[in-house]
Amino acid sequence: MIPRVHKQGSRTIGLLKYLYGPGTHEEHTDPHLVASWDGLAPDPGRHPDATLTELQQLLDEPLHLLEATGRRPDRHVWHLSVRAAPTDRTLTDAEWADIARRTVAATGIDPADGAGCRWVAVRHADDHIHIAATLIREDGRKPDHHRSGQRAQAACRLIEAEYGLHRVSPGDGTAARRPTSAERHKAKRQGRERTAREELRETVRGAAAGAASTDEFFDRLAANGLLIHKRIAPSGDLLGYKVALPGDCNKDDEPVFYSGSTLAPDLSLPRIRERWSLQAEAALGGDSETVQPVLPPVTHPAFARRRATAATWQALLIIDHGDDGMAAAQIAAAGEVLDALAKTSAAHTRAELRQAAFVFERAARSYVRAVRGHDRALRQAAHDLVHSGPALGHSEDGATTAMVIDMIVFLAIAVANWHAQRHHHQQAAAARQTAEHLRAAYQAAAAHPITALRQRGRRQAPRARQQQADILRQALPELAERIQAEPGWPALAATLTDAQLAGHDPAALLADATRRRELGTATSISDVLVWRLRRTAHLPAAPENPQATPTRGGRRTPTATPAAGAATPSSHRR
């Protein structure tokens with residue numbers, strides 16, 4: 001149940017006409033009163049003799065107490081909407097009346113222990129009500145409705161529990177502004193899946209991902225086709241910016257601009273510049289205790305993804321063991337990596353990665369202030385992903401995409417746990433939802449390379465398979481039986497062989513990989529170990545010739561083409 005306090009108005013009759021009218025898109029049905037301050041207010045929707053003017057005059061009557069003193073407020077109309085979740089049952093008028101009374105009491109509009117304001121609750125749809133109130137109490141004083149939005153949220157959390165409705169995670173005031181109903185209707189009318197506000201937020205966030213300067217940021221915005229308006233001080237300094245979608249105009253046929261701060265708190269120009277200032281300090285050789293070393297740029301998508309995997313692993317360690325400010329910086333920078341990955345990955349993974357980045361945006365912000373500088377590696381990884389260009393699907397690019405997604409799944413779950421421990425309920429829920437989208441993206445990315453490795457593993461000589469099984473039991477005695485029973489075991493066996501041929505100790509690699517992070521919650525331990533071993537041993541993520549079996553000395557023996565319908569990798573469940 002979502003309550004929303006709307007902007008205060010000056011005309012009671014104007015709000016009543018909207019509530020009892022057909023709506024901007026004929027969406028209002030059977031508008032009628034469900035509750036009022038005294039239970040006796042006339043209902044223009046159900047009683048033919050009642051009029052909107054009569055109801056307006058009754059609501060505004062307390063204002064006359066202030067006319068003689070000249071203290072009548074200019075904006076006296078308070079407006080709250082309360083909407084049920086799409087999955088909730090249809091509530092009765094009596095239930096909505098109870099919800100309205102409890103909400104106005106909680107917000108201070110009509111408290112139970114004193115004089116209150118006059119108010120009415122109007123229902124014109126199955127799933128929500130509107131409450132209109134006059135912000136002058138019956139005794140001529142102003143109500144104590146400070147922080148009424150948060151107080152309404154708290155009341156709705158109790159109502160959800162008592163009525164058995166969908167439980168909304170409590171917020172902390174750091175979420176980006178939701179699209180208005182007018183913005184949603186406009187998007188529907190224009191045939192867009194998302195509102196202009198949401199599309200702009202996603203585009204601006206993607207443009208900021210890994211950007212190193214103001215010029216690069218605005219060049220990316222322009223390349224995405226956005227209209228840009230820069231706010232310049234008389235001195236010539238850049239103070240801020242606004243963006244608009246081409247074709248998104250108001251009634252005067254003018255572009256509808258949104259400032260960065262109205263899209264999301266961390267998209268204002270000063271907040272974005274915080275990232276660049278630390279990057280510039282690193283480039284100039286800043287404090288080694290706070291800024292990570294600058295790495296050389298990369299030009300190949302596969303290399304960029306390997307670097308992103310390594311940076312994600314380091315971020316995991318900081319989230320698990322660093323202080324809150326350092327962890328918050330890593331979480332925010334992880335959002336940049338997701339934005340960059342969604343922008344540059346192959347088409348068969350892009351939709352889920354884009355949705356993962358969209359959802360993770362909520363997990364990336366909290367009241368914990370990020371300490372910039374420690375996020376240098378992740379921000380560099382995001383920059384590399386963007387500048388190395390789009391990845392191909394069935395190649396080393398696609399296989400390293402699966403490798404980095406595999407690691408980011410762990411990071412998303414670590415972020416969910418970090419937020420949950422600090423009672424950041426909305427952020428924790430968003431991180432868990434992100435992990436689900438990443439698992440779906442992993443399935444698409446890993447299908448080809450993992451299947452090829454499984455085919456190779458199954459074609460190994462019996463003696464080689466036994467040798468790898470012995471190594472597994474030696475390194476991981478408690479997990480060996482479970483791993484060998486997984487469909488992905490042949491892929492891990494092939495990877496152990498590749499590592500051995502490359503001069504590594506497979507048992508040591510396995511032991512190191514399991515020390516890095518727990519494996520018991522993974523559905524496919526073998527898949528996780530495949531990517532960890534291939535990364536740490538610097539093995540190709542996608543073998544050059546998956547229809548060949550590696551032999552001592554690196555030569556490959558051609559084998560039959562894989563059969564159609566080969567098994568695909570199982571999903572992560574950590």
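The dialogue below goes through a predicted protein model feature by feature.

Me: How much of the protein counts as buried?
Reply: Buried means under 20% relative accessible area, exposed means over 50%, and partly exposed lies in between, with a 1.4 Å probe and protein chains only. Of the 574 residues, 53% count as buried. A contact means heavy atoms within 4.5 Å, and among the contacts with a separation of 6 or more, 71% come from residues 24 or more positions apart.

Me: In what order do the five strands of the open sheet come, and which are the edge strands?
Reply: Two strands pair if DSSP finds at least two bridges between them. Here five strands form an open sheet in the order 1-3-5-4-2, with antiparallel pairing. The edge strands, each pairing on one side only, are strand 1 (2–5) and strand 2, and the twist averages 20 degrees from one strand to the next.

Me: Which residues are bridge partners in this sheet?
Reply: Strand 4 (residues 117–123) pairs with strand 2 (residues 32–36) in the antiparallel sense over four bridges, and R123 in strand 4 is the bridge partner of H32. Strand 2 is mostly covered, since five of its five residues are buried. Five bridges join strand 4 to strand 5, and these two run antiparallel; I131 in strand 5 is the bridge partner of A121.

Me: What packs on the sheet, and how do I read the angles?
Reply: Axes are lines fitted to C-alpha atoms, for helices over the stretch in contact, and angles run from 0 to 180 degrees between N-to-C directions. Helix 2 (residues 52–60) packs on the sheet and touches strand 4 and strand 5, its direction making about 145 degrees with that of strand 4. Helix 5 (residues 148–163) lies across strand 1 and strand 3 (77–83), running at about 165 degrees to strand 1.

Me: Is T134 buried or exposed, and what does T134 touch?
Reply: T134 is in strand 5 (residues 128–137), and at 1% relative accessibility T134 counts as buried. Not counting residues up to four places away in sequence, T134 touches L59, D60, L63, H76, C117 and R118. A polar atom of the T134 side chain lies 2.8 Å from the backbone oxygen of L59.

Me: How do helix 16 and helix 21 pack, and which residues meet?
Reply: Helix 16 (residues 425–458) and helix 21 (residues 525–536) pack at an angle of about 80 degrees, and their axes are 12 Å apart. Helix 16 is therefore roughly perpendicular to helix 21, a term for angles of 65 to 115 degrees, whereas under 35 is roughly parallel, over 145 roughly antiparallel and the rest oblique. Y442, A446, P449, I450, L453 and R454 in helix 16 meet D527, V530, W531 and R534 in helix 21. The residues of this contact divide into seven nonpolar, no polar and three charged, where Ala, Val, Leu, Ile, Met, Phe, Trp, Tyr, Cys and Pro count as nonpolar, Asp, Glu, Lys and Arg as charged, and the others, Gly among them, as polar.

Me: Which side chain makes a polar contact with the side chain of E202?
Reply: A polar contact is a pair of N or O atoms within 3.5 Å; within protein, one must be able to donate a hydrogen and the other to accept it, and residues adjacent in sequence count only if both atoms are side-chain atoms. E202, in helix 7 (residues 196–208), makes such a contact with the side chain of R354 (2.7 Å). Leaving aside neighbours within four places in sequence, E202 is in contact with R194 and R354.

Me: Where are D30 and H423, and what is the phi of each?
Reply: Most residues other than glycine have a negative phi. D30, in the loop between helix 1 (12–20) and strand 2, has a positive phi of about 50 degrees although it is not a glycine, and D30 is partly exposed, with a relative accessible area of 42%. H423, in the loop between helix 15 (396–421) and helix 16, has a positive phi of about 65 degrees and counts as exposed at 59% relative accessibility.

Conventions: Residues are numbered from 1 along each chain as its sequence is written. This is a predicted model: local features need pLDDT of at least 70, side-chain atom pairs count only at pLDDT 80 or more; totals for chains, interfaces and linings use all residues. Side-chain values use heavy atoms; hydrogens and water are left out.
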